[in-house]
Amino acid sequence: MIFCRYAAILLSILVALGGGMARAADGLDVVTLKDGSVIYGEVLDLDAGKLRVKTGFGDGDGVVTLKWKDVSGLTLAKPGSFTTVEGSIIRAQAVESQAGHVTLKGEPLSVPVDVPLSSIKAINVPSVQFTGNATVGISGASGNSEYKNFSGLFDLVARNERLRLTLMGRYIYGESDSALTARNALATIKLDFFLTKRWYWFTNAYFEQDTFQDLKLRTAIGTGPGYQLIDKGDFNGIFSDMLLSAETGVSYFNEDFRTPTREDMSSVRGRWAIDWVWTVIKDRVSLFHNDQGYVSYENASDFYIIANQGATLNIYKNFIIRPQVTYRYNNNPVAGTQKSDTIYLITFGYSL
């Protein structure tokens, strides 16, 4: 059996060396590396400086990941979608040209164009990319003890070359022996407009409700500059899929309370935010942390902070388990409530 296996590998190498052009004509894509190696298969995509090719080798799915900077030639058996560093999208078939170049044939080009590989940023990557997940957690008991708990979370990020839209929501409800133990909800929406590859200007809105903080609605609407400190592809290896951004700005901050005798409060505040996501193992394990804080310009001791941290663990295909800890701190709480509280969640759901 071992002999047959090595014989099959040797035969495939000989076929690749002696009949490469025939294989390419049979509908396989061809990738030529700078060291002279030639790989045959199906080019899946190029994203963040990584070219993925489906072959008979590689990981469990037969996918080999190559560094784009190591590629010197490319031929596609069928048209693909090419995104240039300038942001143009070309639907074309690729034919290997001189070393470090490729000839593109297709729309919107009237004639074939020879372009350097360094000017190609992405292949077969949608102009708008979506990431996100939706998860729920449910528990309950009846008999000697009576309780029921529910939590639901979702987040979605849609991004193209210039814009990034972020949506996030959460709802938590708890009841024990017919008595309410937890009920709070929050939602955020944020739009980032990229002025350069790294600098962007954001506009955001934040909404929160919490029965046990006597909070009918907390609203914060703000704007300001942000900077993408780390983007996909900035590093190699396990750090290649890391994202880190930081923001600062100004917000209108308002709190409406349930108790009529409590005076609603509003102020203009400074805002900061940090958002970090690290995909440690692609499509398997991701870690995340995000926080935002609001500090009153009138009184620096009047501030509010919320932070989320946790992990997204793939358990089967796109189904995930998501442990998460949320920490909230209000340095100027209403009478009868504590300054801080911590929420622990483990939810299950689906990831895009």
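Accessible areas are computed by the Shrake-Rupley method with a 1.4 Å probe, and for residues only the protein chains shown count as cover. On that basis the accessible surface of the protein comes to about 19,400 Å², and 61% of this belongs to carbon and sulfur atoms. The model is a predicted one, in which local features need pLDDT of at least 70 and side-chain atom pairs count only at pLDDT 80 or more, whereas totals for chains, interfaces and linings use all residues. Residues are numbered from 1 along each chain as its sequence is written, and side-chain values use heavy atoms, with hydrogens and water left out.

The protein has two helices and 22 strands, which are DSSP runs (H or I of at least four residues for helices, E of at least two for strands) numbered from the N terminus. Its C-alpha atoms fill a box of roughly 85 × 50 × 30 Å, taken along the principal axes.

Of the 352 residues, 38% count as buried, that is, under 20% relative accessible area with a 1.4 Å probe and protein chains only. A nonpolar core is a set of buried Ala, Val, Leu, Ile, Met, Phe, Trp, Tyr and Cys residues joined through side-chain atoms within 4.5 Å. The largest such core has 23 residues, and those with the most contacts inside it are Val31, Leu51, Trp68 and Ile120. Strands that each supply at least two residues of this core include S1 (29-33), S3 (50-54) and S10 (120-123). Apart from this core lies another, of seven residues, among them Tyr206, Ala220, Phe253 and Tyr304.

Conventions
Buried < 20%, exposed > 50% of the residue type's maximum accessible area, 1.4 Å probe, protein only.
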